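Please look over the chain below before reading on. The paragraphs after it go through its sheets and helices in turn.

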Amino acid sequence: MKTAKRYLAMAVVAVMLGSVFGFAPVSAASMYPRSETLYTANSAPPTNANPFQGGNIIGLDGLIFEPLAMLNFMTGELKPWLAESWDWVEPNVFQVKLRSGLRWQDGEPLTAEDVKFSYEYYQEIGLRDWTALGLKEIKVVDDRTVEFVFDGTPNYQLWQLQLFYGWGQGALIIPKHIFKDVDPKQIPKMTFLGDEKKYLVGSGPYKLDEVVEQQKAILVRNDDWWGNDVFGKPAPKYIIQLYVKDNSQAANMFIKGDLDVGTYYIDIVQAKKQNPNLASWLEEPPYFPPVAPVLLYFNTKKPPMDNPQFRKAIAMAINPDQIVKNGPIGGKPAEIPFGTGLLQKWADKIDLDGLVEKYGWNYGDIAEANRILDELGMKKDSNGWRTYNGKEIELHLVTCAGCSDWISAAEIIQNQLRALGIKVVIDKYDWGAMMDRYHNGEFDLGLHWSGTFQPTAYAVYNALLSEGGVANFGNYTNSEAQGVLDEFSKTTDPNKEAEYVKKLSEIWLKDVPAVPVYMATLFYEANTKYWTNWPNEKNPYGVPIFWAKYGTWGTALALLGVKPAGEAPATTTESHTTSPSQSQETTSTPSSSTNEEGGGICGPALIVGLAVVPLLLRRRR
């Protein structure tokens, strides 16, 4: 019964739906060898191949166009890619050395001129504002060396995020000889399909072969990739992204073996029973990888939430074990707002356990929470509710109306705070109205991700603790924290970084601007029948995020690391426009079903369209 409650898409139901609606094979003209073809999927059809913005094809970033560095979000590792190395050769000069032998897919050499052109092109399009980080000039030293020159002391911590391409930072390196005649002002209007496909000349291991409207996008391996000698030749000859509209269809396809990897919310336990070849990130519950804490935010400008002791009492009343057991799929969070990768990187370095013991709180300690409230003079009235200034405390907890996991967590928190004698009313709004409430300070409590899914400790704390920070929904201000952030931004010394992370963690634990309530999970499943060596908890070489626009955050690393499982035993028909060898096994690919998607999820899966904003932007209040 608990399993049925915790998982939205039951695999058995999926199979029934599949048999009712059917999945017709895609109509086209030829065959793909199944043993050479990796199938992934997206919940929207491939309609846009714009690598700068709006593209919804997996692999545009990372597999077709490449960055200077790749980020492994699960470990925090910044992996040299087009760049062989980088360093601050002077306090205001950041030098990047490119690998030797880089070339574009048309055979032209990739040089420092292309890097300079790419970063300047992003600014001309209006997607980046490097000048806001103090960038004054980009110099080409030689074919393999480019220097970024800053005016004054740069923000070192934010600049390191510009090495890889992601939400609001970095650039994909594009060929100057292709784009120098393309007006950057026209870029936002382009889809790079049809006649515009000629501009998709990247440096990566795959090329966009074809887009079949409303059905799929096909990537074909670039056998002349410069990286074959560095990273090894990628195993799949073809990567096909299918339009798989909903969780039910995805479950059915995983069970049948028609889908190799994806990011869908399915009942992985039941699916594994029907297809033993399925793998997950974790071998035990919650199976899906916990990656980003969901926080309970306080409106720190509104009494009694402006009192750190009151906030601490609320933190103590929260019991993440109950939330994880009875609410959304997730894991127990740490007291500081870090995801899995950042915790692995920093917990021991800052002695997190010691900090929590000294400054933190014990989750689920109702007795101590009650003691704090009594000490604050918030006595209970005859109805059993706590009072403040002679009135019963009634807190309005704002959440997203379409986010079933957040609503479930909010209801459990409502019950947990009732044990303190604090009345909580849950207010549900659509996403836009919810964000307006946060930005305008029209709430008491609220749920949201921490640091909007950022990859570095500085980025998380800057987003949460700085005045106007993109995730500072509670309008928290602390001059000490701001001072530490200012100093943090000026260093690249790992020892000083650890010192600043520790100080900011102390401030977080003492002041409690928000409370981590559970670790949101990343839905991920892989099929080992045709491809093996998928990343998992024990081998986190890549990131289990198979969405468009996350290529350089680790998706490309995962797709480049898979290995063939051997000869594929079954044979069915897959339609295609080019004709590989007919002697090898092929498989059918279903078209999208007519099923309606059910159950909104506000875990990291919705960060794509909703939560991640450029680091350089500030929130308006």
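**Helix H13 and its two sides**

On one side of helix H13, Ala367 and Glu375 are exposed, where exposed means over 50% relative accessible area, buried means under 20%, and partly exposed lies in between (1.4 Å probe, protein chains only). This is a predicted model, in which local features need pLDDT of at least 70 and side-chain atom pairs count only at pLDDT 80 or more, while totals for chains, interfaces and linings use all residues. Residues are numbered from 1 along each chain as its sequence is written, and side-chain values use heavy atoms, with hydrogens and water left out.

H13 covers residues 366-375, and Ala369, Asn370, Ile372 and Leu373 in this helix are buried. Seen down the axis of H13, these buried residues fall within an arc of 160°, so they line one face of the helix; the arc is that of the directions from the helix axis to the C-beta atoms. The buried residues of H13 pack against helix H9 (308-317), and contact here means heavy atoms within 4.5 Å. Just after H13, Gly377 has a positive phi of about 80°.

The whole chain gives the setting. The protein chain has 19 helices and 23 strands. Helices (H or I, at least four residues) and strands (E, at least two) are DSSP runs, numbered from the N terminus. Of the 621 residues in the protein chain, 59% are buried. Among contacts between residues at least 6 apart in sequence, 74% join residues at least 24 apart.

Next come the strands. Strands of a sheet pair through backbone hydrogen bonds, either parallel or antiparallel. Two strands are taken to pair if DSSP finds at least two bridges between them. Strand S2 (residues 69-72) and strand S3 (residues 77-80) run antiparallel and are joined by 4 bridges. Ala69 has Pro80 in S3 as its bridge partner. The hairpin of S2 and S3 has 4 residues between the strands, and in this hairpin Gly76 takes a positive phi near 80°.

Strand S6 spans residues 135-142 and contains Val141. Val141 has 46% relative accessibility and therefore counts as partly exposed. Val141 and Glu113 are 28 residues apart in sequence, and their C-alpha atoms are 9.4 Å apart in space.

Another open sheet has 4 strands in the order S1-S10-S9-S8, and its pairing is mixed. Strand S1 (37-42) and strand S8 (206-212) are the edge strands, each pairing on one side only. In this sheet, neighbouring strands are turned by 20° against each other on average, direction ignored. Strand S9 (residues 216-221) and strand S10 (residues 238-243) run antiparallel, joined by 5 bridges. Leu219 has Ile239 in S10 as its bridge partner.

The last stop is a set of packed helices. Two packed helices are described by the angle between their axes and the distance between the axes. Helix H16 (residues 457-465) and helix H17 (residues 479-488) pack at an angle of about 145°, with their axes 11 Å apart. Their contact is made by Tyr458, Tyr461, Asn462 and Leu465 of H16 and by Ala481, Leu485 and Phe488 of H17. By class, this contact has 6 nonpolar, 1 polar and no charged residues. Ala, Val, Leu, Ile, Met, Phe, Trp, Tyr, Cys and Pro count as nonpolar, Asp, Glu, Lys and Arg as charged, and the others, Gly among them, as polar.

The axes of H16 and helix H18 (residues 494-511) come within 11 Å and cross at roughly 35°. Here Ala457, Tyr461, Leu464 and Leu465 in H16 meet Val501, Leu504, Ser505 and Trp508 in H18. The contact of H16 with H18 has 7 nonpolar, 1 polar and no charged residues.

Technical notes
Axes fitted to C-alpha atoms, helices over the stretch in contact; angles between N-to-C directions.
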